[in-house]
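Hi,

Here is the structure I said I would pass on. Have a look at it first, and my notes follow below.

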Amino acid sequence: MSEEKVKLSGPDLTQGVELTAIPDGTMLLGHAQGEPVLLARRGDEVFAIGAICTHYGAPLEQGLLVGDTIRCPWHHACFSLRTGEALRAPARDPVSRWRVEAVRDAARQFTSVDAPVGAVFVREKMECWEPQPQALSAEQPKSVVIVGGGAAGNAAAEVLRHEGYSGRLTMLSADDTLPCDRPNLSKGYLAGAASDESNLLRPREFYKKNDIDLRLGARVVAIDAASWHVQLANGSRHDYDALLLATGAEPVRLDIPGADLPHVHYLRTLADSRALVAKAPAVKHAVVIGASFIGLEVAASLRARNIGVHVVGIETILMEKILGPEVGGFIRRLHEKHGVAFHLGTTAISIGEGNVKLKNGESLEADLVVVGIGVRPAMSLAEQAGLAIDRGVTVNEYLETSIPRIFAAGDIVRWPDRLTGERIRVEHFVVAERQGQTAARNILGRREIFDAVPFFWTEQYDLGIAYVGHAEGWDKAGIDGQLEERNCAITYRRDGRKLAVAMIHRDIDGLRAEVEFERANPAAPTSIK
Ligand SMILES: Cc1cc2nc3c(=O)[nH]c(=O)nc-3n(C[C@H](O)[C@H](O)[C@H](O)COP(=O)(O)OP(=O)(O)OC[C@H]3O[C@@H](n4cnc5c(N)ncnc54)[C@H](O)[C@@H]3O)c2cc1C
Ligand code: FES
């Protein structure tokens with residue numbers, strides 16, 4: 001972020017702040033040497049860190065202090081107040097930290113007559129902690145192979161190096177592009193608000209600098225778990241001592257006449273999104289088949305480009321199963337206000353050169369068709385390797401599969417949810433990254449339980465919805481606040497038990513719900529059968 005763009009507010013913290021201005025458990029936004037800085041107090045300790053989240057730039061003063069960490073209000077990254085480190089995805093880089101000097105009897109420096117004894121001054125910025133490679137212990141794998149260059153795979157590679165792992169580290173990705181910010185492919189990137197470069201999780205040099213042997217266009221076709229190697233489509237093989245399987249999910253393909261025409265697109269990879277962006281200027285009428293989160297985000301992004309959009313969905317109420325009928329109706333009205341036309345309770349039966357025919361008899365003009373009818377976990381390798389499977393790769397609470405030395409993370413796994421003890425599988429970016437992080441530490445022998453509370457978000461136009469927890473088959477949804485005013489929290493319960501909360505522009509409630517779920521009594525984990 002360039003300094004000219006940073007708007008500073010609050011006091012100049014280098015000039016000192018009375019301690020009474022920061023009661024225990026609170027924060028104070030100010031600035032130091034031209035940068036926004038946040039003071040946070042925990043008991044007798046006062047910390048000073050950079051005030052802007054390193055993920056998408058959220059104002060951390062609107063976040064939540066939990067122990068000696070701060071959580072980001074937008075996508076729930078977590079930073080250490082002591083070191084500035086990004087402890088949890090989706091942030092990858094630390095925030096700056098600053099030396100704080102406490103001065104007793106500093107009252108004379110302040111204008112307030114009642115100024116109490118004690119003030120703190122923010123001094124110089126401190127060095128960021130840099131990971132140092134460490135000698136391998138006898139128990140640690142000499143080589144790690146990660147299959148998948150997405151959210152989980154990338155997070156795992158980063159954490160392995162961050163933890164000082166010095167063995168051979170190979171990441172094999174079937175994608176032709178560097179690991180990318182997949183959620184943005186249907187949002188800012190498609191709408192034209194984000195650049196190509198900003199959509200990469202890391203630049204190419206990062207992998208080189210960290211000695212991560214990243215192979216792109218490298219499709220693995222077989223895992224030999226008996227002799228610990230993987231086989232690539234190009235015939236090459238890679239040996240491993242530990243393997244992380246993070247192959248993500250693949251879009252469900254439409255099976256109707258015309259589905260393979262060149263103007264019919266799917267959206268999973270950066271290449272897919274680039275293809276849509278390249279076509280967009282010549283498109284007048286788009287049909288989105290599937291009213292999923294991705295379908296609706298695509299609709300909003302295409303509207304931002306002034307393209308006429310029709311959305312076709314089998315459901316009669318948008319998002320009803322996940323968010324409930326009230327929220328579904330609200331989302332529909334939002335899209336309609338932006339000019340989207342819906343064709344719900346029906347399906348597409350054929351696609352022609354310039355139109356899409358629907359089961360209800362309608363014919364929609366279309367020079368672009370985007371299909372978003374869901375995804376399936378990419379399971380072929382797991383099946384071939386003989387891993388235990390149950391609508392996903394079955395893993396235990398350490399993200400170990402049924403075969404020793406093979407871990408799995410991300411959209412492909414079904415893991416024991418800490419709150420209910422039930423095995424769940426989700427398709428959430430932050431969950432995939434956090435699983436990659438935990439799997440990496442467990443590859444190094446940490447035995448860390450994966451117990452993060454599921455979190456996802458969606459953005460459509462200027463509406464943001466964040467969702468914390470996991471409620472499959474809820475029976476009651478209670479709205480606290482005003483949906484139409486975009487200020488509410490919706491709590492989903494089953495048999496009276498709170499399972500998830502969706503927030504509309506109530507970030508702090510989302511963070512509090514996350515902490516509440518974390519502190520709820522965990523259910524006993526189950527073993528892999
Ligand atoms: C357009 C879009 C928008 C989204 N928006 C959101 C959102 O707003 N919020 C949210 O929480 N989630 C969102 N998601 C979901 C989120 O991106 C996924 O949950 C997340 O990327 C899953 O991470 P993953 O690592 O499991 O899989 P992926 O990120 O899909 O990565 C899988 C990797 O495995 C590779 N691979 C697959 N098979 C092989 C093989 N045989 N050999 C080698 N490599 C292989 C692929 O090439 C890819 O690199 C969105 C997804 C999409 C597509
Ligand atoms: S902006 Fe902070 S986690 Fe995304």
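Predicted model: local features only at pLDDT ≥ 70, side-chain atom pairs only at ≥ 80, totals over all residues.

Helices (H or I, at least four residues) and strands (E, at least two) are DSSP runs, numbered from the N terminus.

Residues are numbered from 1 along each chain as its sequence is written, chains are lettered from A and ligands numbered from 1 in the order in which they are written, and side-chain values use heavy atoms, with hydrogens and water left out.

Back to α1: 11 of its 12 residues are buried (under 20% relative accessible area; exposed is over 50%, partly exposed in between, with a 1.4 Å probe and protein chains only). Among the buried ones are Asn154, Glu158 and Arg161. Their cover includes β11 (143-147), β12 (168-172), α3 (204-209), β17 (242-245) and α9 (429-443).

Next, the hairpins. β2 (residues 27-32) and β3 (residues 35-42) run antiparallel, joined by six bridges; strands count as paired if DSSP finds at least two bridges between them. Met27 has Ala40 as its bridge partner, and His31 sits opposite Pro36. Two residues lie between these strands, and Gln33 has a positive phi near 45°. β3 then pairs antiparallel with β4 (residues 45-50), again through six bridges, with Ala40 partnered by Phe47. That hairpin also has two residues between its strands, and Gly43 in the turn shows a positive phi of about 60°. Six of the eight residues of β3 are buried, so the strand is largely enclosed by the rest of the structure.

Last, an open, antiparallel sheet of five strands, in the order β32-β33-β36-β35-β34. β32 (455-460) and β34 (476-482) are the edges; each has a single partner strand, so one side of each lacks a neighbour in the sheet. Neighbouring strands are turned by 15° against each other on average, direction ignored. Helix α10 (residues 507-519) packs on this sheet, touching β33 (463-469), β35 and β36 (497-504), and its direction makes about 160° with that of β36. Contact means heavy atoms within 4.5 Å; axes are lines fitted to C-alpha atoms, for helices over the stretch in contact, and angles run from 0 to 180 degrees between N-to-C directions.

Cheers
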